[in-house]
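Grab the model in your viewer and work through a few exercises on it. Each one gives you a task and then a worked solution.

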Amino acid sequence: MSDVNREGPVRGWTRTVTARPRLTLLLALLFTALAVAAGSGVADRLASGGWAAPDSESSYAADALARHFPGSQPNVVLLVDARGADVDSAAVTAQGRELARRLAADPDVTGVTSYWSTHAPVLRAKDGGSAMITARLRGDDDAVAKEVKRIAPAYRGQHGPVDVTIGGSAAVRHELQTTIQEDLVRAEMIALPVTLLLLVMVFGSAVAALLPLGVGIVAILGTSAVLRGITEFTDVSVFAENLTTALGLGLAIDYALFIVRRFREELATGLTPQAAVGVTLRTAGRTVLFSALTVAASLSAMLVFPQYFLRSFAYAGIAVVLLAAGAALIVLPAALVLLGNRVNALDLRKILRRGQAKDPGAGYARFARLVMRRAPLFAVGGVVGLLLLGLPFLQVKFGTADDRQLPASAEAHVVQQHIRAEFPGSPDGAITVLAEGADSAQLAGFDRRVEALPGVARVDGPFTAPGSDAAYVTVLPKGEAVDSGAQSLVKEIRAVPADFRASVTGQAAVLVDSKHAIAEKLPWAAGIIAVVTLLLVFLLTGSAIIPLQAVLLNALSLTAMFGSVVWVFQDGHLAGVLGFTATGSIETTLPVLMFCVAFGLSMDYGVFLLSRIKEEYDRTGEHQSSIVFGLKRTGGLITAAAVILAVVMVAIGTSRVANTKMLGLGIALAVLMDAMVVRTLLVPAVMRLTGRATWWAPPALRRFHERFGISEGGGDAASGSTEAPHLDERREPEPAARH
């Protein structure tokens, strides 16, 4: 299929957008209003879990235990402090029993276990100054969150001779959800004005600067409505809200920068607004659509994982990417048609300085020539430097998310830290073995074999329930609840011979199963990203070499992110400065999430650069000058977009929740490294080293590209368009910001 045939849909789309711009904007306003209504209340429907693999042995055992033995799976803890007295004193004992009685009388609470009713050592602090009451709140995550919010005020505070604070996994999740929502509002308040200021500096015009923010708002509000609909069918993580804001603003700004910049270039050549929009959509518009597909493909890879924490980011990410692209390609062009030359109005930079550099891309062109003159030096130096920055990731240790994500002052964090420090064990830190269909002799033999394992500190049980053939035992590991010893112990317990069905759960078992699920699906996710990226970049460039370069360089750009995550968040460097509690491990799903997001964003910039290089190469056939041209025309744009996206991610990184902080700051670093090292150093250096062979493709693939390939500006010459004759002129238009 020729370029002229491929122009049909693009021209039809261009005519639709430019013919009725006011109607387009009115429909966009209506869509936004409906999205606000449909997305209202989405935050209250988001869940704070999702790290466990739902089809794993640990999840099965946890669900079965919750049904048969709710007391074995407590999700709320009342920490009762005797205020200097002993928990066995008469007054404290009476008050403790009264608190437990009140809690047990609540119809939404089950499995209440109190130190004063069981005298279990694990429920009493080593110094005798505090003790615990544990219970399980009924229902799913939403119901449990509402119950925590209801019962916490009734029990928190002073009760006679004791003080009560609230902890447990349900309280942790509730505080996580509340904190994330508060932090998200603060991040938006930080990001929006700073982003607007940077956009004014990039565009000069205040009018042009407001356009990307409008695109971002449409994308964010639309995605909230999509997530609200998805919550009707499946769980969605509360962390997905952060990605919605970050990508909604970041990608909207990327796409709008590219569209508005090209539109202003076309206006500067004397085209009418309608003609300038037409050329922009057929060139930059194609690139934006192409870029959105690559980012969405990277994010869609998370759908292969069973954990809904990861799947939630795929839901949010795909929606916000497509909506940002849709707004940039439909709403933004309509606004540009109506604005015309007024897009350059209100040049606020004149307040700060007079005049402007005639050719702001000249510095990037000079740098590209320098890099290509010393291509081996820059290529080897850049690769070695990035690999060195990634070395700390070789020491990564994976763990589970717990209360230490919360700020040190959070009540649930304080309670759990006190339990870790002062109690002989945690009520939710033991390994629990569910036994189904076992008699007493079989259980006794199994207990003895488990107790003989070297990593076991104590075995309690078996515990049985009347009228049920199920029982369970709890195994306390010698070390921490989820350290390497506890994980090894889970595998050893599962290997113990049993004449009945034995299922192991607990924090360590959940971690083992989560790591297994991720390792099992990771090749599929990586394969999806690699294959789709290779295909899309080939369709853009027609080269068999450039797609391989793109995948390898994109992956290399992420090394600094992964190295810094381990050095800072696992090992605790800068913990005091950044305000988080280091746990000595990284939550298992986060590297997968960060890879998919950062890889997609790096491809975003890669597509912008390659599209302009390809456009110039198709026009001139000159390899090195095309690289210089591409970097000259997009270097400043990519750097500006990266800085603005980094600002948004850093704003997300100001969160008081450690995982959100890690996500925001890590991706901000990856974006900056990609824009400032990979795109400006490694891409021109590597393309110079491969020379004209960069554009090689076997005959079969070349024929495939001639039939199905797409490229920026590829159709104008072929179609005989009279709207873009300047594309065949050697002289480049002056930047529109001068006007």
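**Exercise 1. Work out how helix 13 and helix 24 pack: at what angle, and how far apart are their axes?**

Step 1. Helix 13 covers residues 362–373 and helix 24 covers residues 658–690; helices here are DSSP runs of H or I with at least four residues, strands are runs of E with at least two, and both are numbered from the N terminus. This is a predicted model, where local features need pLDDT of at least 70, side-chain atom pairs count only at pLDDT 80 or more, and totals for chains, interfaces and linings use all residues. Residues are numbered from 1 along each chain as its sequence is written, and side-chain values use heavy atoms, with hydrogens and water left out.

Step 2. The two axes sit 9 Å apart at an angle of about 50 degrees. Axes are lines fitted to C-alpha atoms, for helices over the stretch in contact, and angles run from 0 to 180 degrees between N-to-C directions.

Step 3. That angle makes helix 13 oblique to helix 24 (under 35 degrees is roughly parallel, over 145 roughly antiparallel, 65 to 115 roughly perpendicular, and the rest oblique).

Step 4. Now for who touches whom, with contact meaning heavy atoms within 4.5 Å. From helix 13 come Tyr-364, Phe-367, Val-371 and Met-372, and they meet Thr-680, Leu-681, Pro-684, Ala-685 and Arg-688 of helix 24. Sort these contact residues and you get seven nonpolar, one polar and one charged (Ala, Val, Leu, Ile, Met, Phe, Trp, Tyr, Cys and Pro are nonpolar; Asp, Glu, Lys and Arg are charged; the others, Gly among them, are polar).

**Exercise 2. In which order do the four strands of the open sheet lie?**

Step 1. The order is 8-9-7-10, with antiparallel pairing; two strands pair if DSSP finds at least two bridges between them.

Step 2. Strand 8 (456–464) and strand 10 (501–505) are at the edges with a single partner strand each, so one side of each has no neighbour in the sheet. From one strand to the next, the twist averages 20 degrees.

Step 3. Check the pairings: strand 7 (431–436) and strand 9 (470–477) share six bridges, and Glu-436 is opposite Ala-470. Six bridges also link strand 8 to strand 9, where Asp-460 has Thr-474 as its bridge partner.

Step 4. Look at the hairpin of strand 8 and strand 9: five residues lie between the strands, and Gly-467 has a positive phi near 75 degrees.

Step 5. Finally, helix 17 (484–495) packs on the sheet, touching strands 7, 8, 9 and 10. Its direction makes about 15 degrees with that of strand 7.

**Exercise 3. Why is strand 1 largely enclosed by the rest of the structure?**

Step 1. Count burial: five of the six residues of strand 1 (76–81) are buried, so the strand is largely enclosed. Buried means under 20% relative accessible area, exposed over 50%, and partly exposed in between, using a 1.4 Å probe and protein chains only.

Step 2. Find its partners. Strand 3 (130–137) runs antiparallel to strand 1 over six bridges, with Val-77 bridged to Thr-134. Strand 5 (162–167) is also antiparallel to strand 1, joined by five bridges, and Asp-81 is bridged to Asp-163.

**Exercise 4. Is Asp-513 buried or exposed?**

Step 1. Locate Asp-513 in helix 18 (507–541).

Step 2. Its relative accessibility is 10%, so Asp-513 counts as buried.

Step 3. Leaving out residues up to four places away in sequence, Asp-513 touches Ala-53, Ser-56, Glu-57, Ser-58 and Arg-494.
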